[in-house]
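Subject: Structure for you to take over

Hello,

I am handing over the structure below. My notes on it follow.

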Amino acid sequence: MNRPPEYPPEINRAADAFARRLTARLSEGNASLPYDITERLRAARMQALAQRKRPAVQSARQTAAATHVSSQGSTATLSGWGSEGGNWWRALVSAVPLTALVVGLVFINMAQDETVATEIAEVDAALLTDDLPPSAYADPGFLQYLKTANTTQ
């Protein structure tokens with residue numbers, strides 16, 4: 001279990017004295033601050049004190065999973081699968097969601113490609129089977145023709 005380090009009493013006394021001096025200095029400027037700011041500061045102090053008094057607690061299950069911490073330079077890695085055993089089974093089970101994600105993305109990509117190809121084929125078929133030749137659509141006056149044809153109908 002991870003425990004906070006225990007320091008010698010003289011270091012604790014020095015830290016407490018520094019904290020008292022710092023608190024006194026911060027409290028000196030409190031009188032000139034508005035009420036809402038002083039209340040926020042008071043609440044923040046109470047939270048800080050509550051955090052300091054609360055011990056760091058971890059369950060035995062959390063600490064048992066990391067069997068070995070190996071460090072190289074400024075990086076640290078957790079290695080080992082715990083004391084339960086079954087390393088290959090855990091590796092297999094942890095790879096299943098990733099495999100399912102990749103397979104799903106491939107199927108989505110295939111469906112999108114098929115949909116786009118179908119839409120393009122429909123547009124091409126409509127252009128080729130129309131009464132007008134495809135070059136008519138590129139004519140600048142064709143848009144005007146369509147507007148006037150729609151108003152007369």
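Leaving out neighbours within four places in sequence, T38 is in contact with N30 and L33, where contact means heavy atoms within 4.5 Å. T38 is part of helix α2 (residues 35–53). T38 counts as buried, because its relative accessible area is 19% and buried means under 20% (exposed is over 50%, partly exposed in between; 1.4 Å probe, protein chains only).

Before you read further: this is a predicted model, in which local features need pLDDT of at least 70 and side-chain atom pairs count only at pLDDT 80 or more, while totals for chains, interfaces and linings use all residues. Residues are numbered from 1 along each chain as its sequence is written, and side-chain values use heavy atoms, with hydrogens and water left out.

The pLDDT, the predictor's confidence in each residue from 0 to 100, averages 77 over the chain, and 77% of the residues score at least 70. Confidence is lowest in helix α3 (residues 60–65), with a mean of 50, and highest in α4, with 89.

The chain has six helices and two strands; these are DSSP runs numbered from the N terminus (helices H or I, at least four residues; strands E, at least two). Their order from the N terminus is α-α-α-β-β-α-α-α.

Helix α4 covers residues 87–129, which is 43 residues. Its first and last C-alpha atoms are 63 Å apart, close to the 63 Å expected at 1.5 Å a residue; the expected span is 1.5 Å times one less than the number of residues. At V96, shortly before the proline P97, α4 has a kink of about 30 degrees. That bend is the angle between axes fitted to the seven residues ending there and the seven starting there.

An unreviewed UniProt entry annotates residues 88–108 as "transmembrane region"; such annotations may be inferred rather than shown by experiment. Over residues 88–108 the chain is 100% helix and 0% strand, with the end C-alpha atoms 30 Å apart.

Of the 153 residues in the chain, 4% count as buried. Among contacts between residues at least 6 apart in sequence, 12% join residues at least 24 apart.

Regards
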